[in-house]
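Please view the sequence and the model together, and then read the points below.

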Amino acid sequence: MPKPKHKGLTIFAIGSIPLILVLGNSMLIPVLPKMKAELDVSQFKISLVITVFSIAAAIAIPILGYLSDRFSRKAIIIPALILYGTGGILAGAAAAWFSNTYTWILAGRVLQGIGAAGTAPIAMALAGDLFKGGEQSKVLGIVEASNGFGKVVSPIIGSLLALIVWYAAFFAFPIFCLISILLTMFFVKEKKDEKEPQPVGKYIKGLISVFKTEGRWLFVAYLTGATCLFTLFGILFYISDILEKDHQIDGVLKGGILAVPLLFMTVTSYITGSKIGKKMKLMKTMIIVGMLLMTVSFATLIFFKSLIPFFAVLVISSVGTGLVLPCINSFITGSVPAERRGFVTSLYGSVRFLGVAIGPPVFTSLMDWSRTGMFLTTAGLTLFVGLLCLIFIRVGKKEPSNDESDTLFEKLEYT
């Protein structure tokens with residue numbers, strides 16, 4: 001555990017890592033309509049700027065998760081941030097100087113996605129390594145709040161940068177990455193592992209054992225995290241489109257409006273993480289309540305088209321997301337011993353990224369089909385996932401008194 005005098009800086013450094021990750025998609029959301037016009041491509045093609053980043057990350061995450069278990073978290077995080085920044089430079093250079101711009105931007109986004117694979121999921125494992133008990137949940141709440149804070153400020157930053165030139169956001173990525181690299185290098189001190197790394201065969205057997213005993217609830221937890229990110233980025237994509245088409249709102253004002261629901265999610269995530277400790281029953285309750293709030297919000301949105309009532313209802317779903325994610329993070333991060341934590345949290349990161357990846361293209365299809373159908377389908381999905389959480393996440397009757405336990409094995413009654 002970090003020394004008390006360095007603890008705040010360590011938490012700040014860990015929190016900066018998912019913040020960088022979020023900028024990768026959220027900072028570009030308000031720029032997408034302008035990018036579409038400049039590149040003269042279809043709505044589907046422009047949605048791929050988000051999708052390829054997320055798919056590349058989803059594929060790379062389990063590999064980097066395993067490597068972080070075998071070597072160290074910092075040994076993966078720092079090179080990943082360098083690659084992330086490099087991808088931004090490539091995409092920006094392509095927009096400014098290359099021919100066949102769209103293809104090169106996608107190539108840069110793929111590099112960024114691979115780099116992103118070594119950021120937030122590994123940061124979750126790192127928080128699990130360095131902090132225990134209730135403090136672990138609090139730090140994980142801060143990590144999720146940092147993720148949310150990135151989503152709040154990034155549309156505004158993206159809109160401000162677009163005032164310079166539409167591709168300026170790409171050149172901002174390496175600057176943010178450099179700040180996070182320096183914070184991680186100087187303020188994150190990992191424990192020295194005296195043990196030899198596990199052979200691959202033994203490592204895989206251990207993972208199989210984890211998923212045999214906990215597979216059902218872990219699958220549901222993964223699906224819940226992915227659903228939250230799928231609905232969040234799908235709705236943001238929809239809002240970004242209608243603000244310009246239907247309301248002629250662009251620029252910084254648009255970025256500020258996009259930040260409103262994200263602000264509610266961020267504040268809720270921080271408060272949730274600071275209050276849940278290792279209270280398993282409370283976590284499950286918050287997950288169910290959060291999914292129900294999302295369901296009610298999405299189902300009700302069909303009745304509102306004016307911006308103010310629309311956003312008033314939408315923030316209910318943001319509060320729901322803020323209740324769900326810190327609890328899911330805590331369940332997953334605490335579910336396995338440290339030597340396999342990187343892979344399990346990284347696999348969770350993969351499915352979250354897949355949720356982000358499919359959000360914009362799926363919502364593009366739903367928008368073309370029916371606005372009412374889009375919101376009711378989304379509400380049906382969140383209700384279904386909430387029911388799965390109710391059935392498959394089972395909390396044991398007894399909660400052990402030792403709150404410093406490294407895992408939650410003894411606290412959950414697995415199905």
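**Briefing on the chain**

Asn100 lies in the loop between helix 4 and helix 5 (101-116), where helices (H or I, at least four residues) and strands (E, at least two) are DSSP runs numbered from the N terminus. The model is predicted, so local features need pLDDT of at least 70 and side-chain atom pairs count only at pLDDT 80 or more, while totals for chains, interfaces and linings use all residues. Residues are numbered from 1 along each chain as its sequence is written, and side-chain values use heavy atoms, with hydrogens and water left out.

**Loop residues with positive phi**

- The phi of Asn100 is near 55°, a positive value in a residue other than glycine.
- Most residues other than glycine have a negative phi.
- Asn100 counts as exposed because its relative accessibility is 53%; buried means under 20% relative accessible area, exposed over 50%, and partly exposed in between (1.4 Å probe, protein chains only).
- Asp40, in the loop between helix 2 (32-39) and helix 3 (43-70), also has a positive phi, of about 55°, although it is not a glycine.
- With 70% relative accessibility, Asp40 counts as exposed.

**Overall make-up**

- The chain has 14 helices and zero strands.
- Of its 415 residues, 60% count as buried.
- Among contacts with a separation of 6 or more, 84% join residues 24 or more positions apart; contact means heavy atoms within 4.5 Å.

**Helix 4 and its partners**

- The axes of helix 3 and helix 4 come within 9 Å and cross at roughly 155°; axes are lines fitted to C-alpha atoms, for helices over the stretch in contact, and angles run from 0 to 180 degrees between N-to-C directions.
- The crossing of helix 3 and helix 4 is right-handed, which is to say that the near helix is turned clockwise from the far one by less than a right angle, anticlockwise being left-handed.
- Phe53, Leu64, Leu67, Ser68 and Asp69 of helix 3 make this contact with Arg73, Ile76 and Tyr84 of helix 4.
- Helix 4 (residues 73-97) also packs with helix 6 (residues 120-130), at an angle of about 150° and with the axes 10 Å apart.
- That angle makes helix 4 roughly antiparallel to helix 6.
- The crossing of helix 4 and helix 6 is left-handed.
- From helix 4, Arg73, Ile76 and Ile77 meet Ile122, Ala123, Ala125, Leu126 and Asp129 of helix 6.

**Nonpolar core**

- The largest nonpolar core has 121 residues, of which Met35, Trp166, Phe170, Ile239 and Ile287 touch the most other members; such a core is a set of buried Ala, Val, Leu, Ile, Met, Phe, Trp, Tyr and Cys residues joined through side-chain atoms within 4.5 Å.
- Helix 9 (residues 200-245) supplies the largest share of this core, 17 residues.
- Beyond its neighbours within four places in sequence, Trp166 is in contact with Val31, Lys34, Met35, Glu38, Leu39, Ala95 and Ile105.

**Thr382**

- Thr382 is placed in helix 14 (residues 371-392) and, at 0% relative accessibility, counts as buried.
- The C-alpha atoms of Thr382 and Thr231 are separated by 8.7 Å, although the two are 151 residues apart along the chain.

Technical notes: Parallel < 35°, antiparallel > 145°, perpendicular 65-115°, else oblique.
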